[in-house]
Amino acid sequence: MCVDCGCSDQAKATMTNIKIGSVVDLATGLATLAQGDHRHGPNDHHEHGHEHGHHHHDHGHSHDAHDHGHQHDHPHGDHNHGNIVSLQQSILAKNDSLAERNRAWLAGREVLMFNLVSSPGSGKTSLLERTIRDLGSEIGITVIEGDQATLNDGARIAAAGAPSIQVNTGTGCHLEADMIDQALRELKPRPGTVVFVENVGNLVCPSLFDLGERAKVAILSVTEGEDKPLKYPHMFKAAELVIVNKIDLLPHLDLDIDELVASARAVNPNVVIIQLSAKTGEGLAEWYDWLRQHLAEAQE
């Protein structure tokens with residue numbers, strides 16, 4: 001759930017294993033579709049499903065109680081503001097706790113997970129397809145795809161040669177740590193491999209939600225303009241790497257690439273910036289070296 005934009009709390013969110021075609025309703029947990037296959041994940045404990053349901057119940061109960069008990073004692077605007085802040089803190093605290101469990105589980109298996117974030121149409125899926133085809137024999141790669149609807153991107157990743165789980169968030173605008181927990185149970189990444197999370201196309205809400213990743217990678221297309229990092233500073237502050245994609249289009253655009261880089265550095269002076277084209281392959285070597293460096297550091 002996101003109190004910034006008001007998207008619903010995992011309403012109609014599903015997870016699809018692209019290879020076998022199984023579909024899980026994320027609101028009800030994995031047990032209904034596991035069919036005897038006990039799936040171990042970073043937060044694999046008996047009370048997980050109960051806590052999830054209990055969280056929703058408490059949220060609905062406490063909200064009603066506050067409205068009923070205090071609506072005459074406080075100005076309407078102040079009361080609502082206090083509820084929103086409290087709710088957001090509660091949501092983020094629970095998410096962060098699950099994210100830390102994800103991170104510990106991944107670290108214990110020397111699995112690196114990267115959270116790819118961007119606007120729709122930046123080329124996240126195309127970059128992943130190219131990366132899988134170029135590095136698949138060198139680095140084990142699995143992918144968790146996040147979209148509001150369709151299995152299109154998950155199918156593209158599978159066709160490129162990597163196991164993939166498609167998470168459809170329904171009305172949700174981002175992935176959350178418990179969705180990743182359940183996807184990791186299904187995906188079962190091997191030790192020493194890389195998990196890419198392709199988040200829902202959105203430069204606002206995913207910046208707030210830690211998934212347990214090693215790093216956020218913000219992907220920016222040259223078609224989006226020079227000032228995108230200045231317009232969405234929280235996302236670019238949270239990113240360790242910014243990939244400027246589709247540089248093959250620069251000759252056809254009225255865009256100052258130096259100004260775009262300067263905008264990113266104005267928001268995050270320490271960010272690494274790689275310019276590349278997933279279509280032509282220009283700059284991909286630098287991206288691959290960045291991945292190899294992180295793998296080497298994790299193995300050390």
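Buried here means under 20% relative accessible area.

**View 1. Ser-119 sits in the loop between S3 and H4 of this predicted model.** With a relative accessible area of 12%, Ser-119 falls under the 20% cut-off, so Ser-119 counts as buried.

**View 2. Helix H4 (residues 124-135) lies across several strands.** Those strands are S3, S4 (141-147), S6, S7 (215-221) and S8 (241-245). Against S4, the helix runs at about 170°.

**View 3. Strands S3 (residues 112-118) and S6 (residues 194-198) run side by side in the parallel sense.** Five bridges hold this pairing in the count. Pick out Phe-114 and look across to S6: the bridge partner there is Phe-196.

**View 4. Nine strands line up in an open sheet with mixed pairing.** Reading across, the order is S2-S1-S5-S4-S6-S3-S7-S8-S9. S2 (23-25) and S9 (272-275) are the edge strands; each has a single partner strand, so one side of each lacks a neighbour in the sheet. On average, neighbouring strands are turned by 20° against each other, direction ignored.

**View 5. Here are the stretches with pLDDT below 50, residues 30-40 and residues 45-76.** Across the protein chain the average pLDDT is 84, and 77% of the residues score at least 70. Beyond near neighbours in sequence, residues 30-40 have 15 contacts in the model, and residues 45-76 have 27.

Technical notes: Residues are numbered from 1 along each chain as its sequence is written. This is a predicted model: local features need pLDDT of at least 70, side-chain atom pairs count only at pLDDT 80 or more; totals for chains, interfaces and linings use all residues. Side-chain values use heavy atoms; hydrogens and water are left out. Two strands pair if DSSP finds at least two bridges between them. Helices (H or I, at least four residues) and strands (E, at least two) are DSSP runs, numbered from the N terminus. Axes are lines fitted to C-alpha atoms, for helices over the stretch in contact, and angles run from 0 to 180 degrees between N-to-C directions. Contact means heavy atoms within 4.5 Å. pLDDT is the predictor's confidence in each residue, from 0 to 100. Buried means under 20% relative accessible area, exposed over 50%, partly exposed in between (1.4 Å probe, protein chains only).
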